[in-house]
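Here are my notes on this one, point by point. Have the model open while you read.

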Amino acid sequence: MANKVAESISREEFFYGHKACAGCGGSLAVRAALKVLGPNVVSVLPAGCMSAVGFNFPQLCFSNNSIISTFAGTASMLTGVEAGLRARGFKDFTAVGFAGDGGTADIGIQALSGAIDRNDNIIYICYDNEAYMNTGIQKSGLTPFGAKTTTTPAGSNIHGNIRPKKNMFEIAAAHDIPYAATASVGYIYDFIQKVQKASKIHGTKYIHVIAPCPTGWGVAPDATVDIAKEVVDCGLWYLAEYENGSFKLNHKPKEFTDVSAYLKKQGRFKHLTDEDIQIITASRDKKWEFIEKNFEL
Amino acid sequence: MRPYIREKKDITFDDVPENTSFEAGYLTTVNSGWRSDRPVIDTTKCVSCEQCYLYCPDGVISIIDGKAAIDYDFCKGCGICAKICKIKAIEMEAERK
């Protein structure tokens, strides 16, 4: 029984022997993307989990050319890598960045915005584990409402994070970027297909992939893929694309699964009251109203 | 190329890289010590659907002769493969019984 998706990507491993926690969603996203892009890829990683687990000298876990950038400068370093290789006469290569949610939505957002503005020929992949996991679970701009982190603790007055998740996908799309997409490691076929598509488009590409962190989310290591599927199935995340000026929804769940079941599985949401869950459900419904109005279904 | 374990040698001062670049895919340690449970594949059941291969975060599963095989040097025993396997050909067994 041959698997067509597995046949369409490289059999080689380019990210191997790394020191990520067991069941890490981010490492799954990086591994899958590198297998799509092949050996001639130059990857740029800012401070974050994937550079911390991939480059422990002398244990160097990337077999492609790979470089650690400044925290804020992932996209600008990608610009430099792409321009430098082009100037040296290389033709068959891809410059790809793997930044976490903090490195994308908070610290690296101006560099990313600049790169999209210049329309540099790069792929920027944000693996979103919804907090600064590498430094011990601090709130980032992409931490969802109600999540408990070390900087947004859950008390009797304030129940974790009080702000909603920043909408990075639509922020990238608002630059009129050639290609932007959302994905989830739970739907790896969809993610692989989006990276394949991005590699064929000229200009800046942005892919935002949900990558659960068992350590930070408070789930078992073997639950990563299931929880990444469930976040899509319950409607708190969506799989969509932005291309040629219009949004397209790739996957519409027939019926949403229970939001509270998704939340209560995770340690970071254990403290939520029924009221908090109602707020989350209401914001989900509002989001889907927007999607149904503005996205091609 | 898959990163692989290099032979251990004593590093002299001259071997220390002058700048912050070094050989890619240079591994010196394994991850097998992290594991408390190990996945065991029942090759009679495996139909090579490659789900485990695609979803393994560490990339330790490869398909050899139409059957899934695990590189136990780098498997961390997260158990994603056992959960994703629809025909239940992978079972988690305790490392120490």
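1. A definition before the helix pairs: axes here are lines fitted to C-alpha atoms, for helices over the stretch in contact, and angles run from 0 to 180 degrees between N-to-C directions. Also keep in mind that this is a predicted model.

2. With that in hand, take helix 4 (residues 74–87) of chain A and helix 6 (residues 109–118) of chain A: their axes cross at roughly 40 degrees and come within 6 Å. Angles under 35 degrees count as roughly parallel and 65 to 115 as roughly perpendicular, so helix 4 of chain A is oblique to helix 6 of chain A.

3. Which residues make that contact? From helix 4 of chain A, they are A:Thr74, A:Ala75, A:Ser76, A:Leu78 and A:Thr79. Helix 6 of chain A answers with A:Ala111, A:Leu112, A:Gly114, A:Ala115 and A:Arg118. Sorted by class, the contact of helix 4 of chain A with helix 6 of chain A comes out at 5 nonpolar, 4 polar and 1 charged residues.

4. Next, helix 2 (residues 25–37) of chain A against helix 8 (residues 188–199) of chain A. Their axes sit 9 Å apart, at an angle of about 45 degrees, and therefore this pair is oblique as well. The crossing of helix 2 of chain A past helix 8 of chain A is right-handed.

5. On the helix 2 side of that pair in chain A you'll find A:Ala29, A:Ala32, A:Ala33, A:Val36 and A:Leu37. They meet A:Ile188, A:Phe191, A:Ile192, A:Val195, A:Gln196 and A:Ser199 of helix 8 of chain A. For anyone checking the spacing: an α-helix has 3.6 residues a turn, so residues three or four places apart point the same way.

6. Helix 10 (residues 224–233) of chain A is worth a look too, being mostly covered, with 8 of its 10 residues buried. The buried set is A:Thr224, A:Val225, A:Ile227, A:Ala228, A:Glu230, A:Val231, A:Val232 and A:Asp233. After helix 10 of chain A comes A:Gly235, with a positive phi near 90 degrees.

7. Finally, the contact between the chains: how many residues does each one put in? Chain A gives 32 residues and chain B gives 32 residues. On the chain B side, strand 2 (26–27), helix 1 (51–55) and helix 2 (80–84) each supply at least two residues. Helix 2 of chain B has the largest share of that side, 4 residues. By class, the side of chain B that touches chain A holds 18 nonpolar, 8 polar and 6 charged residues.

Conventions
Residues are numbered from 1 along each chain as its sequence is written. Chains are lettered from A and ligands numbered from 1 in the order in which they are written. This is a predicted model: local features need pLDDT of at least 70, side-chain atom pairs count only at pLDDT 80 or more; totals for chains, interfaces and linings use all residues. Two residues are in contact if their C-beta atoms, placed from the backbone, lie within 7 Å. Ala, Val, Leu, Ile, Met, Phe, Trp, Tyr, Cys and Pro count as nonpolar, Asp, Glu, Lys and Arg as charged, and the others, Gly among them, as polar. Angles under 35 degrees count as roughly parallel, over 145 as roughly antiparallel, 65 to 115 as roughly perpendicular and the rest as oblique. A crossing is left-handed if the near helix is turned anticlockwise from the far one by less than a right angle, and right-handed if clockwise. A residue is buried if 20 or more other C-beta atoms lie within 10 Å of its own, exposed if 12 or fewer, and partly exposed in between; C-beta atoms are placed from the backbone.
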